[in-house]
Amino acid sequence: MRLAAEAITFAYVPGRDVLRDVTLAVGAGDVMFVLGANGSGKTTLLDCLAGVRIPRSGRVLLDGDSIDRIPTAERAKRVGLVPQIHEPVFDYTVGEVVLMGRTPHLGLFARPGRRDWEAVDRALDAVGLRALRGHVYTEISGGERQLALIARGLAQGAACLLMDEPAAHLDPRHQHAAFATVARLASDGFSFVITSHQPNNALLYADRAAFLIDGRIEQEGAPIEIVTEETLRSAYGIEFDVITGETGPRAILPRVT
Amino acid sequence: MTTKRGRTAWVLAALAPALFLLALLIGRYGIRIDETFRALFAPESVSDVIRALILRVRLPRALAAVCIGANLAVTGAAFQGLFRNPLVDSRILGVSSGAAFGAALALLVSAGTIGLQASSFAFALLAVGLVCLIGLRFGSAALILVVGGILVSALFNALLGLIKYVADPLSSLPAITYWLLGGLSDVRWATIGPLLALTGFGLVFFLVVRWRLNVLTLSESEATALGVRIRGFRTTVILVGTLLIASSVAVGGIIGWVGLVVPHVARAWVGPDHGRLIPVSIGLGAVTVLALDTIARTALPSEIPLGILTGLVGVPAFFLLFLRFLRVRGEAR
């Protein structure tokens, strides 16, 4: 599995590019964090990588094939989008939410059968949420919802999951639970592109990280190498201190004067 | 959980034919049950009056009630999912306002029943067509369609007011007013052909795609990432739903509340999964409108307009459901 953006440029409104010449790639087992300020283009980048939005120029390649040429259902079996958790309007059960991941495997007129429910059970097992299958999705915690959405991506069959701000709305313990699940799945060969507002999470959980600043990838590499005071200043516009441990940078703090 | 819900659904399915028979049986002209059966299955063996009453009056009317109830409920359920808003009903895209204007226009020029139906149907489609044009031009996000629906509804309501203003207060104005209240008293075989055909087509469509309707409740990018061509699917659902509502309104006039309340009852009963919600909404909508129409034509010496009755039942039913919803959330005593 290899998902790559090659020099992609995207604009919602002509003349105002949200992504400029962005190049990055993930392979099997990679956990890549995309860091950047609000409005820097992170979610748009995920949409482009998922094939949901088509860049104006450049291309997104999935195993060497241009993603907009792959049939939509085929693409959905290989790349999954894990959105930010939100309060859904209808009280689906956790199982029903995860079951929606089976959509690309089912024809327009088909309804899910035993095989699909088995895939749901395997996905819930993989994130440790099997016991909540019959619970109502709106009544479980934010951390559990995040895991359920990961499970939906797994039920989809995707080997690459694109996660939008999985740490938002979660307390540190549930953030850790979610990223521990990500690390375990990555060791099984799944790959992840994760957007985050938390450079500290990149230092803790990422193999690689990239800073998206004003639509451009400014730094890319090992988190301990790119999370520097200079990069943080240019990404967020304020001063930071990087706290260094024995193995290198461990955490960042905004500089309070 | 599923089996218990499944069992109740079967009870409903068994109840429906009994209710249908009852609707044929009772009326101002009393007909015995054996006469009803014979009129249906051996029409030569009953008197002309009974045969005509059962086969030409009550049977088409009961069928129309079943179709209209099913159509309003299934479209309401699908649109509530599509707009991710449980307070939406089948009228959200201006279909009823367009239909009302079309009917009033036909009544103003005394166009006859077929003309009325055609005009009502055409303007219902025109109203939704305008909303969809707004969506196409400015991006088909759900919010744009909702606002478009409000605007188009308001436009046709204003035009309806204009027609009422110029209508003859002794003949066409009362006819318009009465039509707007909704009712099935004029239903004959000759007028329900399009309704039956479109209902058959539309219900089959919603039944076969019913599981996939769940995906419409997700955001556009989520649905696309799941491999669904969301805009095409959404447009198709809107189109088929509009055909169902337009054909129903053309026959029965404005019958409110069914499209809002029935899907809620169905959801409270079998949950939000459209795989179960759609068939249960169809059955519940059909049974509800058939029962209310039977009451409408038999309860009082003169017929009660069906739209009034659905309102009288729908409002308290919706209030109770809403209270239940708030209590579940701990937001009401």
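Helix α1 (residues 42-49) of chain A lies across strands β1 (2-13), β2 and β4 of chain A. Its direction is about 120 degrees to β1(A). Axes are lines fitted to C-alpha atoms, for helices over the stretch in contact, and angles run from 0 to 180 degrees between N-to-C directions. Helices (H or I, at least four residues) and strands (E, at least two) are DSSP runs, numbered from the N terminus.

This is a predicted model: local features need pLDDT of at least 70, side-chain atom pairs count only at pLDDT 80 or more, and totals for chains, interfaces and linings use all residues. Residues are numbered from 1 along each chain as its sequence is written, while chains are lettered from A and ligands numbered from 1 in the order in which they are written.

**Strands**

An open sheet of four strands in chain A has the order β2-β1-β4-β5, with antiparallel pairing. β2 (16-27) and β5 (65-66) of chain A stand at the edges with a single partner strand each, so one side of each has no neighbour in the sheet. Strands pair if DSSP finds at least two bridges between them. Strand β4 (residues 57-62) of chain A is joined to β5(A) by two bridges. There, L62(A) stands opposite D65(A).

Elsewhere, strands β11 (residues 240-245) and β12 (residues 248-254) of chain A pair antiparallel over six bridges. They form a hairpin with two residues between them. G245(A) has G248(A) as its bridge partner.

**Helix pairs**

Two packed helices are described by the angle between their axes and the distance between the axes.

| Helix pair | Axes come within | Crossing angle |
|---|---|---|
| α4 (residues 114-127) and α5 (residues 142-155), chain A | 8 Å | roughly 135 degrees |
| α5(A) and α6 (residues 172-187), chain A | 9 Å | roughly 15 degrees |

The angle makes α4(A) oblique to α5(A). α5(A) and α6(A) are therefore roughly parallel. Angles under 35 degrees count as roughly parallel, over 145 as roughly antiparallel, 65 to 115 as roughly perpendicular and the rest as oblique.

Which residues of α4(A) meet α5(A)? Among them are A119(A), V120(A) and L124(A). Their partners include L147(A), I150(A) and L154(A). Contact means C-beta atoms, placed from the backbone, within 7 Å. Ala, Val, Leu, Ile, Met, Phe, Trp, Tyr, Cys and Pro count as nonpolar, Asp, Glu, Lys and Arg as charged, and the others, Gly among them, as polar.

In α5(A), G142(A), G143(A), Q146(A), L147(A) and I150(A) meet H174(A), A177(A), A178(A) and T181(A) in α6(A). This contact has four nonpolar, five polar and no charged residues.

Key:
Contact = placed C-beta atoms within 7 Å.
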